[in-house]
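Let's walk through a protein model together, one question at a time. Have a look at it first, then try each question before reading on.

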Amino acid sequence: MSDRLLTRRALLRAGMTAASASLLGGCKVLDGLSAPDNTIRRFMERANDLTMAMQRGVLNRDALATEYSAADIRQPQRPNGVTNPQDDAYLALKSTDFADYRLEVGGMVHQPLSLSLAQMRTMPVRRQITRHDCVEGWSCIADWTGVPLAYVLSVAGVRSEARYVLFHCFDTIERSLSGTVRYYETIDLVDARHPQTILAWGMNGAALPVPNGAPLRVRVERQLGYKMAKYIRAIELVDDFSAVGRGRGGYWEDRGYEWYAGI
Amino acid sequence: MDMPDSPGPLVRRHTCITRITHWTWAACLFFLLLSGLQIFNAHPVLYWGDQSGFEFDNAVLRIGAEDDRRFVVLFGMRARGFGVLGTSDGAARAFPQWATIPSGVDLATGRVIHFFFAWVFVATLLIWLAGALVAGRLRRDLLMRREHWAGLRSDLAAHLRFRCRHSARYGPLQRLSYGLVLFVLFPLMVLTGLAMSPGANAALPWLPEVLGGRQSARTLHFMVAAALTGFFIVHVAMVLLAGPLNEMRAILTGWYRADVGEVDDV
């Protein structure tokens, strides 16, 4: 019996020593992958192109995200990122309950627009109860009301060379020595014209609250939360986003996250 | 077991595809597990259902620290954080630095690594399955026949007493455990992973539904990862007990030294 115990103990000890040694060695060595220009990282990032190609090419690219029932709304929508912008332009608009707010639609369009909230509320309405998935891992179900982005784009008339919708936001998300960084995001026209992609001005039956992006945010229901820009100031149709920010198509993308966030 | 006084014949135990896929999976398991723990750390709570309960409680597992005191809550039972969970170098984090890739807090890089190896893992699974089907190895090596079910009990009892006398052909416990890993745990890992993807969810809404919701799928993904880690530990222990030199030669070169008289039709 005693030799058994010894065997088992020795085995455990040897195993744990080997495992922890390899892990310690392994992990520190791999920290180089955090650098954005690391060659191996750049190679690994291309797996995301495969994910996007599969989701767009093999799966149904027009599929609708699951919509839930009112009974599934069990809590307020959890806000994340910036929840109370302190930018002067934003605070001025907020002080009058966004009565003077105008959404500017420009860039590669035939007819630039400047839309008030009242005007957008007279446009076609879509209401959907959907699940918001954060890149951190959590999910939350809420009821969203807004105008389909496809409708706004059709009014503005997208020029044929446009490929992406660029969202300019009011909120400063980062202050550093090199200046302030405001949130921005891009989506392509496939997602922009998806029927569930809406410019939401309402949430859970009321006006969109400030922590969730008042007065206007976008819902991109088949991607993660960071794609769904809040506090939208302007929409710009572009054919390329390499000159915006650090050139990766969004605030979080510039910090290492994938541009296509369908996974 | 190597017995110098009775050297049995060397037999071909593993095909080339089996050996290559085996080591690719070993690498995948390492990177997927450690980058997976990095991703888990971004929100170290597991729930059951479609969504995460912030205003209600559907948490299954919660790891964290409050006022410098570590805690783990499993199914509502709260325990003081033990060992390495809860904090690392004074900072609150679920799994410590040595258990995550990268070692620091870096969700973005963890995701890049995780999805790259997820694709490698799936491709390897498809290559192995095709190879095994073509060579007809599944029936020969993994199928549980009547005699294997009958011998399972005594095989298990022998392994629990650390008597691991493996032969050229897989025994009942080997067939059952390898079969479970390859046909249950591996596919479950892929399916629970896909069920967390909002893009895949839209096209395949039945997937999160049969798994109990997106957050349930995340919980199951974690549980299957734990099961695979347990398999890995037992697997390595069995190799050590069954004669590591012969076992390693077999999985590296394909050649396995069988016992005298054991081999007739290999």
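Q: Which residues does A:Leu208 touch, not counting residues up to four places away in sequence?
A: Contact here means heavy atoms within 4.5 Å. A:Leu208 lies in the loop between strand 8 (206–207) and strand 9 (217–219) of chain A, where helices (H or I, at least four residues) and strands (E, at least two) are DSSP runs numbered from the N terminus. Leaving out residues up to four places away in sequence, the residues it touches are A:Trp144, A:Ala200, A:Trp201, A:Gly202, A:Met203, A:Gly213, A:Ala214, A:Pro215, A:Leu216 and A:Arg217.

Q: Is A:Leu208 buried or exposed?
A: Keep in mind that this is a predicted model, where local features need pLDDT of at least 70, side-chain atom pairs count only at pLDDT 80 or more, and totals for chains, interfaces and linings use all residues. Residues are numbered from 1 along each chain as its sequence is written, chains are lettered from A and ligands numbered from 1 in the order written, and side-chain values use heavy atoms, with hydrogens and water left out. Buried means under 20% relative accessible area, exposed over 50%, and partly exposed in between (1.4 Å probe, protein chains only). With a relative accessible area of 6%, A:Leu208 is buried.

Q: How many disulfides does a search of the whole structure find?
A: A disulfide is a pair of cysteine sulfur atoms within 2.5 Å. For A:Cys169, the nearest cysteine sulfur is that of A:Cys134, 16 Å away. For B:Cys16, the nearest one belongs to B:Cys28, 17 Å away. Over all chains, the search comes up with zero.

Q: How do the rings of A:Tyr251 and A:Trp252 pair, stacked or edge-to-face?
A: Rings of Phe, Tyr and Trp (its six-membered ring) pair if their centres lie within 6.5 Å; planes under 30 degrees apart count as stacked, over 60 as edge-to-face and the rest as tilted. By this rule there are 26 aromatic pairs over all chains. In this one, the centres are 4.9 Å apart and the planes are at 80 degrees, so by the cut-offs the pair is edge-to-face.

Q: Which ring does the charged end of B:Arg78 sit over?
A: A charge sits over a ring if NZ of Lys or CZ of Arg is within 6 Å of the ring centre and within 35 degrees of the ring normal. B:Arg12 does this with B:Trp255, at 5.6 Å from the ring centre. For B:Arg78 the distance is 4.4 Å, and the ring belongs to B:Phe71.

Q: How many residues does the contact take from chain A?
A: Buried area is the accessible area (1.4 Å probe) that two parts lose on being put together, summed over both. Chain B and chain A bury about 4400 Å² between them, 65% of it on carbon and sulfur atoms. Chain B gives 46 residues to the contact, and the number from chain A is 53.

Q: Which residue of chain B meets A:Glu258 in a salt bridge?
A: A salt bridge is a side-chain nitrogen of Lys or Arg within 4 Å of a carboxyl oxygen of Asp or Glu. Between chain B and chain A the count is two. In the one with A:Glu258, N to O is 3.2 Å, and the partner is B:Arg111.

Q: How many residues apart are A:Asp191 and A:Arg56?
A: Their side chains meet in a salt bridge, 2.9 Å from N to O. A:Asp191 is in helix 7 (residues 189–192) and A:Arg56 in helix 3 (residues 47–58) of chain A.

Q: Where does A:Asp87, the salt-bridge partner of A:Arg182, lie?
A: The two side chains meet at 3.2 Å, N to O. A:Arg182 lies in strand 6 (residues 179–188) of chain A, so the pair ties together parts 95 residues apart in sequence. As for A:Asp87, look in the loop between helix 3 and helix 4 (88–95) of chain A.
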